[in-house]
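The sequence and the structure are shown first.

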Amino acid sequence: MTIVGLLQRLVVRIPPNVISTASPPLSTIFLRSHFCSSAIMSATGTAATPLDTLFKHKRSLRFKVKKELLSMDPTLRSQEDEAIQRIVLEAPWFKSCSRLCAYISSVALREVDTSKFLSETLKNTDQVRKKLYVPRIEDKNSFMRMLSISRIDDLVANSMYILEPTPCDAEGNEREDVMFANEPVDLFILPGLAFDKSGRRLGRGGGYYDTFLTKYHELAKDRQWKKPLFVALSYSRQIVEDGVIPITPNDVFIDALVSPSGVIPISQAANEMYL
């Protein structure tokens, strides 16, 4: 197979199958035609392989989205944070889940705020309490764990000033690692830099979430568990045209996208939640 042929197989455009409760505005950061033509031209030369070209375009897109987020008005960001968290709390897939993994938002990274719905998740109520797992970065080789917490005070700032759980609780007991739990997770709440309505997600380049989600999916398959729902949270400026985000072999697609305008179901599993 030629290099161009390999590239064309890697950059597969999945046709969108979206039923949206509302269509958020698109922030068109790249033109799809520009991406495809420049990628193929680079691949036919000797300076770059197809994957090199894809990673280059990912880096460029990350730079542009970060710039967009830095220029976002704080008042608008706060309004979108409130809207997104309200939508999550009212969503059927959130209300029905018993165990979930969710990220701890970072203001410095301009991530969609998760503090409100995480606090609600950890509250003691008359209903069955949800089991919550949150990420802990262990090294720079894309190794991340999801550990159980029972209160917000279980979190401490790491060297990057990002909150994460300590390996042990206040009594010195090791926190439960979701990879060794006896029950499956129903839901993953995911961060990211850019998303589209066909399920593509652009992370920050560390590979932590793609690596972890792939491992957990394999675990669920081995144990014959139902695949959890992968739901990403996105500001309106982070949603781009379908096909703009370059796809590499290890990328994991999301099932649904939550924006300030509503929920965008993508996969069949997500669509079934709204039937």
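This is a predicted model: local features need pLDDT of at least 70, side-chain atom pairs count only at pLDDT 80 or more; totals for chains, interfaces and linings use all residues.

One cavity of 30 Å³ or more is present in the structure. Its lining consists of Y103, R110, E111, V112, P191, G192, L233 and Q238. By class, these lining residues comprise four nonpolar, two polar and two charged.

The open space is described by the largest pocket, with a volume of about 1100 Å³. It is lined by 39 residues, of which I137, R204, G206, Y208 and Y209 are the closest to the pocket centre. Several elements each supply at least two residues of this lining, namely α3 (50–70), β2 (131–137), β5 (163–165), β8 (201–202) and α7. The two spaces are set out below.

The largest nonpolar core contains 65 residues, and the most contacts inside it are made by W93, L187, F188, I189, Y216, L233 and V258. Helix α7 (residues 208–222) contributes seven residues, the largest share of this core. Helix α7 also supplies at least two residues of the pocket lining. L233, one of the core residues with the most contacts, is likewise among the residues that line the largest cavity.

The surroundings of I189 illustrate the packing. Leaving aside residues up to four places away in sequence, I189 touches W93, L100, C101, A102, Y103, F117, V231 and L233. Of these partners, W93 and L233 are themselves listed among the core residues with the most contacts, while Y103 and L233 also line the largest cavity.

Strands β2 and β3 provide a further local picture. They run antiparallel and are joined by six bridges, and P135 stands opposite M146 in β3. The two strands form a hairpin with six residues between them, and in the turn S142 has a positive phi of about 65 degrees. Strand β3 (residues 144–149) is largely enclosed by the rest of the structure, because five of its six residues are buried. Strand β2, for its part, supplies at least two residues to the lining of the largest pocket.

At the level of the whole protein, the secondary structure amounts to eight helices and eleven strands. Of the 275 residues, 48% are buried. Among contacts between residues at least 6 apart in sequence, 73% join residues at least 24 apart.

How values were computed
Residues are numbered from 1 along each chain as its sequence is written. Side-chain values use heavy atoms; hydrogens and water are left out. On a 1 Å grid over the protein atoms alone, a cavity is a set of points where a 1.4 Å probe fits but cannot get out, and a pocket is an open set with protein on both sides within 12 Å along at least five of seven lines; lining residues have an atom within 4 Å of a point. Grid points are joined across faces, edges and corners, and a volume is the space filled by probe spheres set on the points. Ala, Val, Leu, Ile, Met, Phe, Trp, Tyr, Cys and Pro count as nonpolar, Asp, Glu, Lys and Arg as charged, and the others, Gly among them, as polar. A nonpolar core is a set of buried Ala, Val, Leu, Ile, Met, Phe, Trp, Tyr and Cys residues joined through side-chain atoms within 4.5 Å. Buried means under 20% relative accessible area, exposed over 50%, partly exposed in between (1.4 Å probe, protein chains only). Helices (H or I, at least four residues) and strands (E, at least two) are DSSP runs, numbered from the N terminus. Contact means heavy atoms within 4.5 Å. Two strands pair if DSSP finds at least two bridges between them.
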